[in-house]
Amino acid sequence: MTDASTPSAATRLAPALADAIAHCMRGDPRVVVWGEDVRIGVMGPTRGLVDEFGVERVVDCPISEAAFVGAAVGAAIGGLRPVVDIMFSSFAYVAFDQLVNQAGRLRYMTGGQVAIPLVLVGSAGAAGSNAAQHSEVPTALFLNAGGLRVVFPSTPHQAFWLMQAAIHSEDLVIVLHHPALAASRGAVQRGRLGLGDAVVDPVGDDVSLLAVGLMAHRARAAARALALEGVSVEVVDVCSLNPMPWETIVASVQKTGRAVVVDEGRLTCSVASELAAGIAERAFGALRGPVRRLAVPDVPIPFAPNLEAAVIPSEEAIAVAVREAARV
Amino acid sequence: MVRIRLFEEALAELYRRGRLVGVVHLSVGQEATAVGVCSTLHTGDQITSTHRGHHHMLARGLEPRRMFAEILGRAGGYCGGKGGSMHVSAPAEGAVGANGIVGGGIAHAVGLALAAKTLGTGGVAVAFFGDGAANQGILYESLNLAVLWQVPVLFVCENNGYTEFTPTTAVTAGESIAARAAAFGIPATAVDGDDVLIVNRAAEEAVARARARGEPAFLECRTTRWRGHHEGEESYARSYRARVEAVDPIDRLERALQAAGIETARLRASVEAEERAAVDAALADAAAEPEPPLERAFEDVFA
């Protein structure tokens, strides 16, 4: 139970998402949850909700991603606030017309006559040999689609607040969560986070290290290791990607003059690319050297554990890039 | 029906004179399905429609002036000139909207119906779509959801005989589109979509059932597309279909009225004169509207 000192008793990331949804469902009967096996809560973010809110508000769907996302678009226009769990975010490809051409376009095409207060939750990233169709981070596709807001919390605190912000938003917000972080620990604190926020932790002076999701965890671990070597790293966890927290990002780079960007998406047109380009445009004068990008090479995520590990930026690879950046 | 006919003919003429931008799909010949169904709806009900949807919008009661303005890309259009012919939308008037993607709006109607049921508004939703959408998977996914959720939605398939440039029968397996829907355990009937009275009777029954018991229903309206897939197609499309031999739905209604002992000659002339004046005035007003201000290009992406 929630006590006076903490907004949520959740101590792990997936339960923090579920607790945030529960908070919103208690406060607003229009908030409903549907998707694939949401009553069991296979992926975590909806686990336990059916016990409190019942089968009317927590609805298991057929494996028809296009139709249940499309129905959510209609329901959102009609006055509900659906939270749709699509399990793996790469299942959104099955529903891409509804997501991009419909949800992402209708407000614009109708001249602002409709709002689509819809949340799409999905896991993103490799968590151990699920192979290419269940391990991707499609953030860049969603950002390029236009009309979609995207957040990717990496801690229970971020998860709790960003999920609530997503549900309260009048726009479609995609909430990504990394399967390797579902059980990661951390306390939910009072400092509320909203769409467009980034989390700077730790603060540092030598290099700005920008990262998202699991990469933010690895970035923090790398920063701790590098501190022992005397390199002061500032990690900017870009947990909101649309809106992009440019102010925080640019302020950090202007302070350090060096930037390394880490992304679990494929390199070409990745979030890393967008961050690097944005930094070059906004803070070029402050840069002492080129912005370095670490991302997945332009291949699908392989199945074999050693191959999977080889394509995803590791803590060591991040540390190497930061050391190189710090030398200039 | 007369208003729809005159509205569409005015657009055909505008296109011929090079005064329309974009692609325009006209509904001439299909007036009876739109009017037969929309005449059963109330305030608060919603429809979703298709790239060929002017008749649905007009039958739902949308203003010809704002429809023309939208199709001409003017500031005073329903969407401020940001949707155009294929995407006219007026949710406040019960028309969530047309849709440029074949089958794109069907699932929205299921969601709108679920919202109406959950919020207890008493509203129903109607999904208009064509025979082309009968070969889109989302139709069957949506039928499945509608039956599982028991929501007040009426699926209306306007089978006009052509899937763009291809005869529907050449690309559609099985006995009929209605028979496909029936497989989901949904009441499904095929009717003569050119007879507004028949369509109206079938829709009335389905909508009443949806409203009272929250049950979905499916109506296949067999009709005929008089014009091409879109205006101007003759510039590249070789002849691909037989001469249209359809019965005019307006003539058909006139004959039904005559059979009921109503004198129609003067009635029809006066309706046509009145509607022609209204449509002409609406077009003149819309054409005089300004273009949207440039800043509108950058607005309405997010709330």
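The domain assignment of chain A gives domain 1 (13-181) and domain 2 (199-327). The model is predicted.

Me: How many residues of domain 1 of chain A are in contact with domain 2 of chain A?
Reply: Taken over C-alpha atoms, the centres of domain 1 and domain 2 of chain A are separated by 26 Å. On the side of domain 2 of chain A, 23 residues take part in the contact, and on the side of domain 1 of chain A the number is 26 residues.

Me: Which element gives the largest share of the side of domain 1 of chain A that touches domain 2 of chain A?
Reply: Two or more residues of this side come from each of α6 (139-145), β5 (149-151) and α7 (156-168) of chain A. By class, the side divides into 16 nonpolar, 8 polar and 2 charged residues. The largest share, 4 residues, is that of α6(A).

Me: With which residues is Ile21(A) in contact, leaving aside neighbours within four places in sequence?
Reply: With neighbours within four places in sequence left aside, its contacts are Val33(A), Pro45(A), Thr46(A), Leu49(A), Val83(A), Met163(A) and Ile167(A).

Me: Which residue of β4(A) stands opposite Asp85(A)?
Reply: Strand β3 (residues 81-88) of chain A has 8 of its 8 residues buried, so this strand is largely enclosed by the rest of the structure. β3(A) pairs in the parallel sense with strand β1 (residues 31-35) of chain A over 5 bridges, and Trp34(A) has Val84(A) as its bridge partner in β3(A). With strand β4 (residues 119-123) of chain A, β3(A) also pairs in the parallel sense, over 4 bridges. In β4(A), the residue opposite Asp85(A) is Val121(A).

Me: Which element gives the most to the side of chain A that touches chain B?
Reply: The contact takes 32 residues from chain A and 33 residues from chain B. α3 (65-77), α4 (96-103) and α5 (106-109) of chain A each supply at least two residues of the side of chain A. With 10 residues, the element that gives the most is α3(A).

Me: How many of the 14 residues of α5(B) are buried?
Reply: At 1.5 Å a residue, helix α5 (residues 106-119) of chain B should span 20 Å, which agrees with the 20 Å between its end C-alpha atoms. The helix is followed by Gly120(B), whose phi is positive, near 65°. The buried residues include Ile106(B), His108(B) and Lys117(B). α5(B) is mostly covered, the number of buried residues being 12.

Me: Is Gly22(B) buried or exposed?
Reply: Gly22(B) lies in the loop between α1 (2-16) and α2 (31-38) of chain B. Not counting residues up to four places away in sequence, Gly22(B) touches Gly84(B) and Ser85(B). Because Gly22(B) has 12 C-beta neighbours inside 10 Å, Gly22(B) counts as exposed.

Definitions and conventions: Residues numbered from 1 in each chain as written. Chains lettered and ligands numbered in written order. Predicted model: local features only at pLDDT ≥ 70, side-chain atom pairs only at ≥ 80, totals over all residues. Contact = placed C-beta atoms within 7 Å. Expected span 1.5 Å × (residues − 1). Buried ≥ 20, exposed ≤ 12 C-beta atoms within 10 Å, placed from the backbone. Pairing = 2+ DSSP bridges. Domains from an automatic or database assignment. Nonpolar A, V, L, I, M, F, W, Y, C, P; charged D, E, K, R; others polar.
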